[in-house]
Amino acid sequence: MDILKVHQFFPFFESPTIAFIQKTIPKDTVIFNEGDECGTVAFLLSGSIRISKIGKNGREIVLYRLGSGDSCILTISSVLANISYPATAVVEEDAEAILLSVQQFKELMTINPEFQQYIYKLLAARLLEVMTLVDEIVFHKMDERLIEYLLRHSKNDEDIIEITHEELASQLGSVREVISRLLKGFERDGLIQLSRGKVKIMHRSGLEEKLSSY
């Protein structure tokens, strides 16, 4: 167990009364499906976990991702309200996490002010993140949001973004057919170059100019 890493991200676990479990969770593990009961709360030391909502038609929208130092507010709210998990949580990169039982979590919330502060800040940050996502989906056109994504994940001409059309659609709350059509349009304009699982930025300033025209 890497005690230094634990204390770096979660100093409130120094309490000798908390006998937490540290676990490695392999890539592609489904931690929760929608409707599952939450028996533990995870605190991530490394890796990445995708939290998403999947519609009946299979369309997926990514709500947020967890990285080092994070915990999932949907798990926390499910535990506190005693309700089932309302989304899907999947490991994207091999993850290492601290697991607390529901009883341990509620005990810490009662006795540890530092832990309470961490949870409150986490809730506020995630709420803002989800509100931003809703704002983007409702008020921004898809081609505008796609350009913003490409610019945000590149810095110069010749930069390559490794992502599939399906993954882009999931990121932006769209469908693959729409994203593919828009990308091919950008390619015809000489702004990007497409290859399998990759988008190469050919004319960053052109993308910026196109974005400013909206």
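Analyst: A term before the surface: accessible areas here come from the Shrake-Rupley method with a 1.4 Å probe. This is a predicted model. On that basis the chain exposes about 11,700 Å².

User: Ok, the fold. How many helices and strands?

Analyst: The chain has 8 helices and 8 strands. Its C-alpha atoms fill a box of roughly 60 × 35 × 30 Å along the principal axes.

User: What about contacts between residues at least 6 apart in sequence?

Analyst: Of those contacts, 68% join residues at least 24 apart.

User: Switching to charges. How many positive and negative side chains?

Analyst: There are 24 positive and 31 negative side chains, and the centres of the two sets lie 5 Å apart.

User: Now the largest pocket. What is its volume?

Analyst: About 950 Å³. Its lining is made up of 36 residues.

User: Which of them lie nearest the centre?

Analyst: V62, R65, Y149, E167 and Q171.

User: Which elements give two or more residues to the lining?

Analyst: On the strand side, they are strand 3 (40-54), strand 4 (60-66), strand 5 (88-101) and strand 6 (160-162). The helices are helix 4 (113-139), helix 5 (142-152) and helix 6 (165-172).

User: Which one gives the largest share?

Analyst: Helix 6, with 6 residues.

Notes
Residues numbered from 1 in each chain as written. Predicted model: local features only at pLDDT ≥ 70, side-chain atom pairs only at ≥ 80, totals over all residues. Heavy atoms only, no water. Helix = DSSP H or I, 4+ residues; strand = E, 2+ residues; numbered from the N terminus. Contact = heavy atoms within 4.5 Å. Lys, Arg positive; Asp, Glu negative; His and termini not counted. Charge placed at Lys NZ, Arg CZ, Asp CG, Glu CD. 1 Å grid on protein atoms, 1.4 Å probe; cavity = no way out; pocket = protein on both sides within 12 Å on 5 of 7 lines; lining within 4 Å. Points joined across faces, edges and corners; volume = space filled by probe spheres on them.
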